[in-house]
Amino acid sequence: MPKLEDDRDGAFAIGRVPGRFYVSRRFPQGGEDSSVEDPRMCRFAYQVVDEAGDVIFASENGWEIVIRQTPTRQQLKALFFEDDRSVQYMSFQRFNASGKRLNHESFVLSGREVRSLGSFLGLIRSQSLDLAESDDGLRLLPDGVDALLADDTARLAVFRRYRDAFAELFEADVDSPEIVAFARRRRELQRFDSLLNDQRAFDDSRAELRRSGRRCGPEDVWQSFFESNQWIFGTGLAPQFLHAWDPERLEQTVVGASVFGKGKRPDALMRTAGALSALVFVEIKTHLTSLLHPTEYRPGTWRVSEEVVGGVSQCQTTVDEVLRRAASELEAVDEDGFRTGERAFICRPRSILVVGSLSQVLREGQPNIAMFESFERFRRSLRDPEIVTFDELYARAAMSLAESDASSLNAETTDGEQSAANDDWDFDEEPF
């Protein structure tokens, strides 16, 4: 496995061109011999710079001493994941002219320390850091920020001054209050429509996954999209609201090392919302997956495609394996292995197959009734899994968003009426 601190770093660093950015070949997390199932792909990044070696000591009396050291080469070496480009470690290395490491001048930062360094540099570059107001110094400590924001008046002042920045943060967060997150969801719904109806947009998404080093099959496009838009599954797949079992990753091994033991992997592991939760398994195919066989089985009768039959069998096998080998409930644990208190019950788990599009039974906007009825009869005859087409999922998501927009509009109207009523009163200060 490639190492963050390698004895050959010095030789390679001497051979690199200062200022040029280098990226290594990709390799799996933990190395080629790792036992991790479906490991994330990693790379190293390098950049070197030469140091002339001048050290200046100055005094208040005007004299200075210049010590000329042997010129050195400095190298930044970072280990990062391909998918989200997050940096896990960064090494600051210094070598002499022969490539020997100067250990007393080299050190390593972990992922959290790298993020802190990035925040520190970001604050310095930030134009929002107003240094022209006073000649005095400035200190920002977490406790001081918390104390500042504990005051209602101060919180309101901060919000008014940085309203646009707060709006951008909320729109980028699907867990934000929906009144602010609607803009992002509307954009993602438009992207859903493009992936569903524009083959070029779909191909572009595959190419983007390929460039990032991730799996780039047709199913992977939808997997990636739903990973970023779990609210669509939450509101569109079942009568209950659904949460992802793991907010960071829809896909989970359910009879395997990550959840139960080695085995099946649904494309999404969900749980119902409520006082108690139950598991729901989701298999994701593509909108291009054929719903029906291309030729009639008998006059006026169409059989479902092998892909649909295979997807149904896949869902049923996963549920059966879980019922045979798992306990009656599943408890969540954090990344350190400690229980979080959240759990979901495993009682005849619901499974859902997302596959195909009903546009396949249309020609120039007109339906083939026999084809539609053949498919509809088949899916209504199933107890498990439930079959939902991509166009139906899109319609449910659009309806959910429209209803939320309407609720938001009603709330704004009510607030406006209350504001008009308040105009009849005189306040010494602004009410909260």
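These legends go with a set of close-up views of one predicted model.

Local features here need pLDDT of at least 70 and side-chain atom pairs count only at pLDDT 80 or more, while totals for chains, interfaces and linings use all residues. Residues are numbered from 1 along each chain as its sequence is written, and side-chain values use heavy atoms, with hydrogens and water left out.

**View 1. The whole chain, before zooming in.**
The chain folds into 12 helices and 16 strands. Helices (H or I, at least four residues) and strands (E, at least two) are DSSP runs, numbered from the N terminus. Of its 432 residues, 34% count as buried; buried means under 20% relative accessible area, exposed over 50%, and partly exposed in between (1.4 Å probe, protein chains only). Take the contacts between residues at least 6 apart in sequence, and 56% of them join residues at least 24 apart. A contact here means heavy atoms within 4.5 Å. The accessible surface of the chain is about 27600 Å², with 51% of it belonging to carbon and sulfur atoms. Accessible areas come from the Shrake-Rupley method with a 1.4 Å probe, and for residues only the protein chains shown count as cover.

**View 2. Arg 94 and its contacts.**
Arg 94 sits in strand β7, residues 87–95. Its relative accessibility is 17%, so Arg 94 counts as buried. Setting aside neighbours within four places in sequence, Arg 94 touches Glu 51, Thr 72, Arg 73, Gln 74, Lys 100, Arg 101, Leu 102, Glu 105 and Ser 106.

**View 3. Glu 283 beside Val 354.**
Glu 283 belongs to strand β11, residues 278–284. With a relative accessibility of 2%, Glu 283 is another residue that counts as buried. Val 354 is 71 residues away in sequence, yet the C-alpha atoms of Glu 283 and Val 354 are 6.2 Å apart in space.

Side chains of opposite charge can pair when their charged atoms come close. The cut-off used for a salt bridge is a side-chain nitrogen of Lys or Arg within 4 Å of a carboxyl oxygen of Asp or Glu. The structure holds 16 salt bridges, and one of them joins Arg 8 to Asp 6 at 3.3 Å, N to O. Arg 8 is exposed at 52% relative accessible area, whereas Asp 6 counts as buried at 15%.

Glu 82 pairs with Arg 26, and their closest N and O atoms are 3.0 Å apart. Glu 82 is buried, with 4% relative accessible area, while Arg 26 is partly exposed at 39%. Asp 83 bridges to Arg 40, with the closest N and O atoms 2.8 Å apart. Here too the pair links distant parts of the chain: Asp 83 lies in the loop between β6 and β7, and Arg 40 in the loop between β2 and β3 (41–51), 43 residues apart. Both ends are partly exposed, Asp 83 at 33% and Arg 40 at 29%.

**View 4. A patch of negative charge.**
On the surface, Asp 193, Asp 198, Asp 203, Asp 204 and Glu 208 come together as a negative patch. Patches are made of residues with over 30% relative accessible area and no salt bridge, joining like charges within 9 Å and nonpolar side chains (Val, Leu, Ile, Met, Phe, Trp, Tyr) within 5 Å. Lys and Arg count as positive and Asp and Glu as negative, with His and the chain ends not counted; a charge is placed at NZ of Lys, CZ of Arg, CG of Asp or CD of Glu. Helix α7 (residues 199–211) gives the most to this patch, three residues. Asp 193 is found in helix α6, residues 178–197, and is partly exposed at 31% relative accessible area.

**View 5. A nonpolar patch.**
Phe 120, Leu 121 and Ile 124 make up a nonpolar surface patch, with about 300 Å² of accessible area together. Leu 121 is in helix α2, residues 111–125, and is partly exposed, with a relative accessible area of 36%.

**View 6. Asp 7 and Gly 99.**
Asp 7 lies in the segment before α1 (9–15), and at 82% relative accessible area Asp 7 is exposed. Gly 99 is 92 residues from Asp 7 in sequence, with 9.9 Å between the two C-alpha atoms.
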